[in-house]
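Subject: the two-chain model, with notes

Hi,

Here is the structure I promised to pass on. Have a look around in the viewer, then read my notes below.

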Amino acid sequence: MGEWPLIAGQVFNGFSVASLYVLAALGLALSFGLMRVINMAHGEMLMLGGYLAYLTLQVVPGPLGILAAMPVAFLGAAAVGAVLETTLIKRLSARPLDTLLATWGVSLILQQAARNIFGAIGVDVRAPQWLNHAYTVQSGLLEGLTIPATRLFILAVAFAVMGALSLLLARTRIGLLVRAVNQDRGMAAAAGINVRAVDLSVFCLGTGIAGLAGVVLALLGPVTPNVGQSYVVPAFLVVVLGGLGSLKGTAIASLIVGLFSALVQILVDVSLAQVLLLLFVIGFIQFRPQGVVAVRSRVLDA
Amino acid sequence: MVMRGMYKPAGLAALLLAATSLSAPAPAWAADTVKVGVLQSLTGTMAISEVTVKNAEILAIEEINAGGGVLGKKIEPVVEDGASDPAIFAQKATKLVQDGGVVTVFGGWTSASRKAMLPVFQKLKSLLWYSVQFEGNECSPNIMYSGAQPNQQILPALQWAVEKGYKSYFLIGSDYVFPRTANLILKKHIDADKLKVAGEEYVPLGGTDFSAVIAKVQAAKPDIIFSTLNGDSNVSFFKQMAAAGLPSAKLPVMSFSIGEQEAVAMGPSLVEGSYAAWNYFQSLDGAANKKFVAAYQAKFGAGAAVTDPMVHGYVDVYAWKAAVEKTGSFDPEKVRAAAVALDYLDTAMGKVKFAANQSLVQTGYIGQLDPTGQFKIIWQSKGTIDPDPYDPLVFPGKKCPAS
């Protein structure tokens, strides 16, 4: 096995890591883009998705459990998002720092709740048999290259979510309303659009996507009360790099981050790769503070 | 993670300080009791592991009290919370010894917490009983190290692997002092045995992405992986290994931080077939172990898992009792001298005794995980192994000040 399979494998891993990051970050980008809300409890929505996957798998064991878990986690996390929005975020609108602090408090409460309900040591969510294998290239230049089915599945989910989201925003009436509110909130309200309802649905959509992301992240990682913290930092990173609030930017930034760290790791270990990644992002932001995609009026025009 | 890690201990610290200053007990020096400190993390990220060690230490104290106590006195445990924060460990150790009037302290898990407490015990001339396997390279007269030294856990694992005929080793660890030192020792010995280190990789504590590490494993094609990963990273590692078509059955993994409790938490089927090296397994034979497991499960639940550090904590309390009775005093200096002069104790992990360097003479075992989260013991060292804090290949010429 020479260099080529390793490099090709790392390019694939870069896409795979990007798919994890984009799923983890889309919800953040959505709520920030429309409402300028930085949701510190976003990681806990991912955690919630993981636990909902665990509960669903108890009820629906067998090969299709994980497919059943995805809509359950989406709706469950969206419902929690609705409660969060109506009880807290709505009342703190236009006070970004207060929202930051309040949602951080919510994140601590949710972590402790998970600890009290499920215990501190985490629960077991496993990939079903039909995902638990890998494709290996048997001959040719890339002989020995291994592509895990689980990672392919997550890539497909990421593409499906991004496709559905851009269709929703570009082609539906709800998308039209969202874009209108995003372009000019006051004008949209004056034109008779229920701005509050648009805010609420976008926030729920964001937390719902996070819940769904939590299900697929559980296939490759742990489900513990503080698992959200492992993903929320890279999620913030790609949202900032992508241009705050831009969905297209978030997707591109995920890919940049994923490929950068995967390719750098051919030469250095994971710890150093993280250092280099952060240096790269700092450098990038120095020269392009607005991020990959500059956010002007049409923020959510993905 | 970084942010949370910074704020939470600080906040907890403030809360705990407030709580303890309110409830500080009057120094009651009843003639028929003697106070000992039990200092483990009851909150924070290490609580999962340390609460059970505290349980085992309390169990030993209760058993001793039920049997009449030590030198005619009942033991009164003073439990404090180290909150997974080395600074708090140091603070609470000071509080216990200086203000709490305890004669000795049982506690600590991470090397960082031990290093933070060490100057406190040296300054106050007290004695700490530390029950977790560690990286060696330290030998304080104020600490009794009952957990394995590298030559009692890591090197026996290597010896087993060499006997099995494994030639090529891949080292994976979390990025902190124990894995780095353990792998330094392993590399020197693998080289000395004329075998091959196929690779060495570190992932930050709590890291979840192993895609590149696994790609490097696949490229290097080792015979076995030696893993010093700690905590949740293990779940990500084993899940992603399985996803990449490398379950333990195909590429064996030897772990140094997975015990019975961790196996249950991770889902035994995920780690089934992988190996671990310890000085105790719940499945060990022997009347003393059967009695200990039964007593622990009677108190803490029928399914409760029992692990190596817990048993070391439990044995520490009994060793302290034996040393106190030998010297007839609670004075830490005299207890220390008596402890290293004790004969072999018959314990749940077999015959053990403290050596002159204050570490435990004990047996090394290799176990393989079965589907229920228990280990099948497949190898054990020939007799007990004398503890050596300074590996001769890595720290040539370094010796304990005490010996």
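Let's begin with one residue: in which helix of chain A is Val227(A) found? Val227(A) sits in helix 9 of chain A, residues 227-242. (Helices are DSSP runs of H or I with at least four residues, strands are runs of E with at least two, and both are numbered from the N terminus.)

Before going further, two points about the source. This is a predicted model, where local features need pLDDT of at least 70 and side-chain atom pairs count only at pLDDT 80 or more, while totals for chains, interfaces and linings use all residues. Residues are numbered from 1 along each chain as its sequence is written, and chains are lettered from A and ligands numbered from 1 in the order in which they are written.

**Back to Val227(A)**

Val227(A) counts as buried because it has 29 C-beta neighbours inside 10 Å. (The cut-offs: buried is 20 or more other C-beta atoms within 10 Å of a residue's own, exposed is 12 or fewer, partly exposed is in between, and C-beta atoms are placed from the backbone.) Leaving out neighbours within four places in sequence, Val227(A) is in contact with Met47(A), Gly50(A), Gly221(A) and Pro222(A). (Contact is when the C-beta atoms of two residues, placed from the backbone, lie within 7 Å.) Take Met47(A): it is 180 residues away from Val227(A) along the chain, yet their C-alpha atoms are separated by 6.1 Å.

**Chain A**

Chain A has 11 helices and two strands, and along the sequence they follow the pattern α-α-α-α-β-β-α-α-α-α-α-α-α. Buried residues make up 49% of the 302 in chain A. Of the chain A contacts between residues at least 6 apart in sequence, 78% join residues at least 24 apart.

The UniProt record, an unreviewed entry, places "transmembrane region" at several spans of chain A, among them 200-220 and 266-287. (UniProt positions are in the numbering used here, feature names are shortened, and annotations may be inferred rather than shown by experiment.) In the model, residues 200-220 of chain A are 86% helix and 0% strand, with end C-alpha atoms 31 Å apart. For residues 266-287 of chain A, the figures are 82% helix, 0% strand and 27 Å between the end C-alpha atoms.

**Chain B**

Chain B has 13 helices and 15 strands. Its radius of gyration is 21 Å, close to the 22 Å from the globule rule for 403 residues, so chain B is as compact as a globular protein of that length. Of those 403 residues, 53% count as buried.

Look for the open sheet of seven strands in chain B, with the order 7-6-8-9-10-14-15 and mixed pairing. (Two strands pair if DSSP finds at least two bridges between them.) Strand 7 and strand 15 of chain B are the edges, each pairing on one side only. Strand 14 (365-369) and strand 15 (375-380) of chain B run antiparallel, joined by five bridges, and Gly367(B) stands opposite Ile377(B). These two strands form a hairpin with five residues between them, and Gly373(B) in the turn has a positive phi of about 90°.

Chain B also has an open sheet of three strands, in the order 11-12-13 with antiparallel pairing. Its edge strands are strand 11 (345-347) and strand 13 (360-361) of chain B. Thr347(B) stands opposite Gly350(B) in strand 12 of chain B.

**Where the chains meet**

How many residues of chain B are in contact with chain A? There are 32, and they touch 35 residues of chain A. Several elements of chain B each supply at least two residues of that side, including helix 1 (2-23), helix 2 (47-66) and strand 7 (196-203). The chain B side divides into 17 nonpolar, nine polar and six charged residues. (Nonpolar means Ala, Val, Leu, Ile, Met, Phe, Trp, Tyr, Cys and Pro; charged means Asp, Glu, Lys and Arg; the others, Gly among them, are polar.)

Cheers

How values were computed. The radius of gyration is taken over C-alpha atoms; the globule rule is 2.2 Å times the number of residues to the power 0.38.
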